[in-house]
Structures are given as C-alpha cells and as structure tokens.
Amino acid sequence: RSLHRSRRSSLPEAFDGFRILHLADLHIDGVDGLVEALIPMLRGIQADICVLTGDYRFEDDGPCDEVYRRIRKLLPALSGVRQGIFATLGNHDESCIAFELEQANLQVLVNESIEIQRGRDSIFLAGLDDDFDYHVDDLPGALSAVPPGAFKILLAHTPDLYREASDAGISLYLCGHTHGGQIRIPKIGALRSNARCPRAYTYRYWNYGGMQGYTSGGIGCSSLPVRLNCPPEVLLITLRRA
C-alpha cells in the first residue's frame, strides 16, 4: 500500500518512496510453525525500517523464554531492513520483554521518539507504551522532543488513541491489537473488535481528520489459535508525496 501526503505536515522530499515493514501481534509462542512460515515470507523484503507494534507472547503472563528464542530465530529474515527495527509494547507484554528486545538489537520506543534522517531531511517516529491494560501511554511525553511541524509517525498498540493522535498532528498512525476480529463472518465482519474506538478504525486503512492510519490484522492469535476469514497480515507501506 502507498500512503500519500495529507493536508498535514508535508512528507519531506527525501522520504518519497520510504518503505515501512509493519509487523503486529506476533504472539509468536502461540502456534508452532509460525516462525518457520514467516521466515520465507520476510526474507528478501527491502524496507527502510521495520516496526513492531506489540504483543509478542500468546499468554498475558508466564515465562517468555520461548518468545525470545523464536524472535531471535526470526530476525535474520529481516536483513533487508536498512535503517533499523523499532518496537513498542502491547497489553500482553511485561517490561522485561523490552529489555530482551533491546538485547536482540531492536530499539524499543517507550513513550519516546526518534529522528530518522535522509540527507538534510528528517521525519520522527514516536512509540507509545500500552494503553489498553497497563494504561501507561504518554503521547505528550513521546512527542516532547519533536519539533513543531515535523512529519510524525506514531506506533501504538491499539487504535483507541486516534483522536489524541490527530490533535497532536500525527500524520500516520500504525497499530494492531484487534487482529481484525480474528474471526469474521461474511457480510457482518468481526464479532468482537476488542477496542474502545468506533469499528471503522479497528481494521485496515482509515483516515481521521486528515491523519492516515492502518490497524493491522496482525500475524498471530490470542485466546484461541484460530482465524476465520481473517488471514494473518504482513504490511509493507510506501510513503509518497502527493
């Protein structure tokens, strides 16, 4: 999918064609064989950055040793990512997961932002802590070091903060959490969205107040290792100037 400049902060010219690989809701220890299926899919993808928007384990608590082992096994398939892998935490993730991801050379954004440069141009990538169960998100804090008027991309676990993000001048909002409902009935859609926002923002592409957003259907499963009419999703976004 190509996303074009909205009437918000202009995408700098140097970032026309910038590619973002978005992986959401791995729940990587929930289904045996998931990593083995993902590796050939991800191997060879050329992207400028990769972003992961939380929920790395299947359960809400318990040991994470298998999560770490499988993530480390997956990472070599992302060798086509040129400028780094960035992650946020979800409602299945304890703080210790952030430390392990950092040890694996992922940069975890916990209510903070980072500048990404191309020549003299730059954009800012902000990442929030979980807003769903832990309620430890801090959008103003995450944006505190971002210059006014900068092109801003937000990584959040859920789509629930769409209003606050729009008010803060976010240009692109990337999230997951909902799994697209995980089970979708023809002509009806998801039976349960597991979100506190309108259904329009709970799956795939949306637009609010000029801010573009994408809520990924995710890769793994939670509660039950079952998907119906809602296949796993790996998203490759290309930013384009209008």
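Two strands count as paired if DSSP finds at least two bridges between them. Helices (H or I, at least four residues) and strands (E, at least two) are DSSP runs, numbered from the N terminus. This is a predicted model, where local features need pLDDT of at least 70, side-chain atom pairs count only at pLDDT 80 or more, and totals for chains, interfaces and linings use all residues. Residues are numbered from 1 along each chain as its sequence is written, and side-chain values use heavy atoms, with hydrogens and water left out.

**The hairpin**
- Strand E12 pairs with strand E13 (residues 211–215) in the antiparallel sense, over 5 bridges.
- Across from Arg 204 you'll find Thr 215 in E13.
- The hairpin has 2 residues between its strands, and Gly 209 there takes a positive phi near 60 degrees.

**Aromatic rings**
- Rings of Phe, Tyr and Trp (its six-membered ring) pair if their centres lie within 6.5 Å; planes under 30 degrees apart are stacked, over 60 edge-to-face, and the rest tilted.
- That rule gives 6 aromatic pairs.
- Tyr 162 and Tyr 208 are edge-to-face, because their ring centres are 4.9 Å apart and their planes sit at 90 degrees.
- Tyr 162 is in helix H5 (residues 162–167) and Tyr 208 in strand E12 (residues 204–208), so this pair ties together parts 46 residues apart in sequence.
- One aromatic cluster is formed by Tyr 162, Tyr 173, Tyr 201, Trp 206 and Tyr 208.

**Charges over rings**
- A charge sits over a ring if NZ of Lys or CZ of Arg is within 6 Å of the ring centre and within 35 degrees of the ring normal.
- Arg 196 has its charged end over the ring of Phe 132, 4.3 Å from the centre.
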